[in-house]
Amino acid sequence: MPGAEPAAASTGVATRADPGSLGRLREYAASSVVSTGLTDRLAERRRAARSLRLRRLTGAVVVVLVIAAIAWGVLYSPLLALRPADITVVGAEDASGAVSADQVRGVLAAHEGESLVRLDVDRLGGEVADGLVRVRSASVARSWPHGLAVSLELRNPVAAQETDGGYAVLDSEAVVLETVAEAPAGLTRLATDGAGEGAPRLTAAQVATMTAIMGSLDATTRQQVSRATVSTAGQVVLSLANGASAVWGDGSQNALKARVLATLLTTPASVYDVSAPHNPTTR
């Protein structure tokens, strides 16, 4: 019908427009879904990243706390603290009894309660040697968990020198170990040549020379020497208990002279001359 064509045409235009409108709606809906999903994923990733950072931070804090606790336990707690009662001492066995383990512990008692890890064992050895005159040197090692092991090298008396205050007992390095009122038995007396009233006093250099000589002798030979005298020229003569004498000469080649004299003493003589140790003589 002629009157219906405009309506049909109008309807045809609307029908052709519908697919485009529906497509745009579908695209919009799809983009909305994609946008919402992407936002959710991004938010989830941010939450995961924050959670990971928090776990890492917590782990780092825990590790630091554990390390700090271990360090405190090792360095400052009583876990490894020094106990003087746990200090062991070797090398203090001396006939004179001049050094005892308790004396060594007394020197080191100032470090009671300090961690063994923080202790400087070399410095402790020096403290023992400085604190006890009879100790030449001391080596110290840690003895876990609370002790120390101390090994001593003692100074041995080899001679005695008369002084205004009595008799100074000397070792081979001329260190005064003690001063006693009476002349010690068994120790060589040191004097200047022709000692008596008005005789010159021994100088420090002369004492050092004679104590070094006495220290070079083995114990058997040393026990036979009752007196050592030195001249102003530095020549030393050893007087033996049996009345014989040993001409030593100066303080050079002491070790060689000591070996030669020990050999010569096996032959009876009144004078043993080792001043030239490669050509010794007796008479």
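Let us start at a turn: in the hairpin of β8 and β9, five residues lie between the strands, and glycine 234 takes a positive phi near 85 degrees. Helices (H or I, at least four residues) and strands (E, at least two) are DSSP runs, numbered from the N terminus, and two strands pair if DSSP finds at least two bridges between them. Everything here comes from a predicted model, in which local features need pLDDT of at least 70 and side-chain atom pairs count only at pLDDT 80 or more, while totals for chains, interfaces and linings use all residues. Residues are numbered from 1 along each chain as its sequence is written, and side-chain values use heavy atoms, with hydrogens and water left out.

β8 and β9 (residues 236-240) run antiparallel and are joined by five bridges. Along this pair, valine 225 has leucine 240 in β9 as its bridge partner, and threonine 229 stands opposite valine 237 in β9. β8 (residues 225-230) is also joined to β7 (residues 188-192), this time in parallel, by four bridges; here threonine 192 is partnered by valine 230 in β8.

These strands belong to an open sheet of nine, with mixed pairing and the order β6-β5-β4-β7-β8-β9-β10-β11-β12. β6 (176-180) and β12 (281-282) stand at its edges with a single partner strand each, so one side of each is left without a neighbour in the sheet. Helix α4 (residues 204-216) packs on this sheet and touches β4 (159-163), β5 (166-170), β7, β8, β9 and β10 (245-249); contact means heavy atoms within 4.5 Å. The direction of α4 makes about 150 degrees with that of β7. Such angles run from 0 to 180 degrees between N-to-C directions, and axes are lines fitted to C-alpha atoms, for helices over the stretch in contact. Helix α6 (residues 254-264) packs on the sheet too, touching β9, β10, β11 (271-273) and β12, and its direction makes about 160 degrees with that of β10.

Now for the other sheet. Three strands form an open sheet with mixed pairing, in the order β1-β3-β2. Its edge strands are β1 (88-90) and β2 (135-143), each of which pairs on one side only. From one strand to the next, the twist averages 20 degrees. β2 pairs with β3 (residues 147-154) in the antiparallel sense over eight bridges, and arginine 142 stands opposite leucine 148 in β3.

Helix α2 (residues 101-108) packs on this sheet, touching β1 and β3, at about 120 degrees to the direction of β3. Helix α3 (residues 121-131) lies across β2 and β3 and runs at about 145 degrees to β2.

How do the two helices meet? α2 and α3 pack at an angle of about 120 degrees, with their axes 9 Å apart. They are therefore oblique to each other: angles under 35 degrees count as roughly parallel, over 145 as roughly antiparallel, 65 to 115 as roughly perpendicular and the rest as oblique. Val104, Val107 and Leu108 in α2 meet Leu124, Glu127 and Val128 in α3. By class, the residues of this contact are five nonpolar, no polar and one charged, where Ala, Val, Leu, Ile, Met, Phe, Trp, Tyr, Cys and Pro count as nonpolar, Asp, Glu, Lys and Arg as charged, and the others, Gly among them, as polar.
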